[in-house]
Amino acid sequence: MSKKHLDLLLQICLLLLSRHLIAQNLVYNPGFEANDGKLNAKTELVPGWSRSCLVGLYPTNYAKIEDEIAHGLDPDTYVPYEGKSMAGITYHTRGMGSPVGGGGFVQGVLKETLKRHHYYRISYWVKTKPAPGLDRYGDFTDNFGVSFSSKPFRVNYGHCITINDTPFRYRGANGLEWIQMQYVIRPTRDLSYIAAGVFLDFFRPFRLPENTGHTLYFFIDHLHVTEIEKPSPAELTTAIDYPYLRIRDPLPPIFRSKERIEEVVHFEFGASELTPEAERKLNRLAHALNNDPQLLLDIRGHTDSIGNNNEELSRARAGAVRTYLANRSRLPAYRMRMLGFGSGQAIAGNETESGRQKNRRVEIQQSNRTLSQHLYAIASQFALENKVDSAFLYLARWQKSNPPNQILLMVDPDLDSLRGHRKWKAIDFFTRQTYQYYADPELAFSLDLMYCRMLSGGSRQKYFLAAKGYVPAIKSSDQTVGHMVDTAVVNRVCRILDRGWPVRAQVGERAAVAPIHILLHAGDKNLIKKYLPLVEEAFADNEIPEEAYLTYLNSLKPSG
C-alpha cells in the first residue's frame, strides 16, 4: 500500500475517532450501576455520584418491595429503565427543618468540562411512584430536574439543591411510565458538575399542599450528555444559553401564529352569562387556541353606561369568557389576562340601544407581551387589589419564567401590599439566590438593590408606572439625575467605597457602576470630589464605562 493510501486511511480513522469522541456520553456511570460496596454510604450512592439523604439505589430492600406489591403496588414501580439499578429521590412536602419540606439530590463530576459556546444534548429518563391525592399537587413534578454548574452545588432548606431555576425540568405527569426529557444546551461558561434531584425555587412554597406530610418519589435513570458536532436548525433555535437560561429563539412563540387572535362577543343588558352566539364564537376560537397552547391573551370586559357596578360587571363578563375558553381549549387559564374597564372605553354612543349593545362586549386579543411580562402584569394587578394569595401565586409563576432583573420587584411600589406578608421572605431569599453566580454575591445584591431603590422614586418612577406586566430592563449607563438619594443609602455606599471600588468581575457591570449613580443623585459636591481619585482609578482599570466616568467629571464643572 502506498504512502498516499496510508495517509488517507489514517485521516479516515482520525475522523471516525473524533466523531466517536464527540458523541461519547460525558456522564460517568449514567445508569447508577456497579455499586461495589466500597463506598461511604452516607455521602456516596454509586461510583461517580455523591448523594444527600432522601436518596436511594433501587431496587433494594426486596422484602419491603414484595410487601408493597402484595398490597397492590404495580410490580413495574421499581424496574429500572435500563440495567440493574436506578436512583430514587424522595421529596417530603413538609418537615426536614424547612417550611417548604425537603428533598434529595445526587451530583457528580462530568468526564469532561462542558465548554463555552459548544452545543450539547441533555437526555434523561424519569418516572414517579404513584401516591394518593397527587392530582391535588398541581405542578409538583416541576420541582425535579437536572442542572449543571461550574462548582459543586450548594445545599439549603431540607437538603434540596438551592438554585433559582433550571430549564431542564421533568415535564411529565404522575405515573409509572418512563418519560424521556431532552434538551439542547449552549453553556455560557465552562460547566464541570451535574446534579439531579429536587430543586428549590420560589415556585415551590406556594403550590404544594401545606401540612400534608406526603412523600413523593422520583426515579431517574440513563443520564446522557453528549456534544453535538453540527446542531440541526431546530436544535439551534431551541438551544438554551445556560446558566443564563435564555432560549435562543429570536421570536417568542406568540409571534409564530400565522394569524393574530382577535374576537369580540356581546352580552345582554346587565348580564354576564354567555349568549348562544357568544358560545359559538368561543367554540371556534377554542379550536384555534388548541393549535398553539403557548399563546397569551388579553380578555377585556366592557359595559354600557347604565348602572352603578359597571366595572364589576365588566370583570364578570371577562371572567365568564376566560372560564369558557379554559374549559374548552388546551390554553391554561393563567395565560389569559382578565381586565374590566366598565363603561370607560365605549366604541359607540350610549344614547341608543344599538350603541349600548355594541358597548356590552368582551374583546379577546392576542397579547404582545412575553410570558414573563404577562405573569407580572397579573401579579401586580392582584397586589393592587389586595388579593395577596393570588398575587403570590402569579409571582411564583413569573419567577419560574426566568425573568431578567428580578430584583426590581423588591422596590416596585405596586407590590407594597405584599411586603409585610410572611411569604415575602421567600421572595427576598430567592431573589438573592440569583446573585450566587457572582464571586461576591452579597455585595452584588446590596449595590444592585440600592441602585434599584434609587430608581423607584421621583422622576424615575416611569420604570414602574409604565404598562404593568413586566419588570423593565435597566440600562447601566442611564445617567439621568432624579430625586435625592436617602442619606442611609449614601452612607452605606461610602463605607463600601472606603474599602475600594467594587470589582466588575465579582459583582457584575450594573453593580460596579451603581456607586457613581448614587453619588450623583446624592448631589453632594464634596462627596463627589472626595471619591474622584477612586473613580479615576476604577476607570483606568476598566471597572466602569467611559460614559459613566465622563458624566461624573461633568458633574464637577461649574454650572452656566
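Helices here are DSSP runs of H or I with at least four residues, strands are runs of E with at least two, and both are numbered from the N terminus. By that rule, the chain has 18 helices and 19 strands.

A word on the source. This is a predicted model: local features need pLDDT of at least 70, side-chain atom pairs count only at pLDDT 80 or more, and totals for chains, interfaces and linings use all residues. Residues are numbered from 1 along each chain as its sequence is written, and side-chain values use heavy atoms, with hydrogens and water left out.

Now the inside. Of the 560 residues in the chain, 51% are buried, meaning under 20% relative accessible area with a 1.4 Å probe, protein chains only.

Next, the cores. A nonpolar core is a set of buried Ala, Val, Leu, Ile, Met, Phe, Trp, Tyr and Cys residues joined through side-chain atoms within 4.5 Å. The largest has 59 residues. Leu418, Ile516 and Tyr552 have the most contacts inside it. Another core, of 37 residues, lies apart from it; Val55 and Phe148 are among its members.

Which residues does Ile516 touch, leaving out those up to four places away in sequence? They are Trp501, Val535, Ile544, Ala548 and Tyr552. Contact means heavy atoms within 4.5 Å.

Last, a helix pair. Helix α8 spans residues 371–384, and helix α9 spans 388–400. Their axes, lines fitted to C-alpha atoms over the stretch in contact, come within 8 Å and cross at roughly 165°. So α8 is roughly antiparallel to α9, a label for angles over 145 degrees between N-to-C directions, on a scale from 0 to 180.

Terms used: Buried means under 20% relative accessible area, exposed over 50%, partly exposed in between (1.4 Å probe, protein chains only). Angles under 35 degrees count as roughly parallel, over 145 as roughly antiparallel, 65 to 115 as roughly perpendicular and the rest as oblique.
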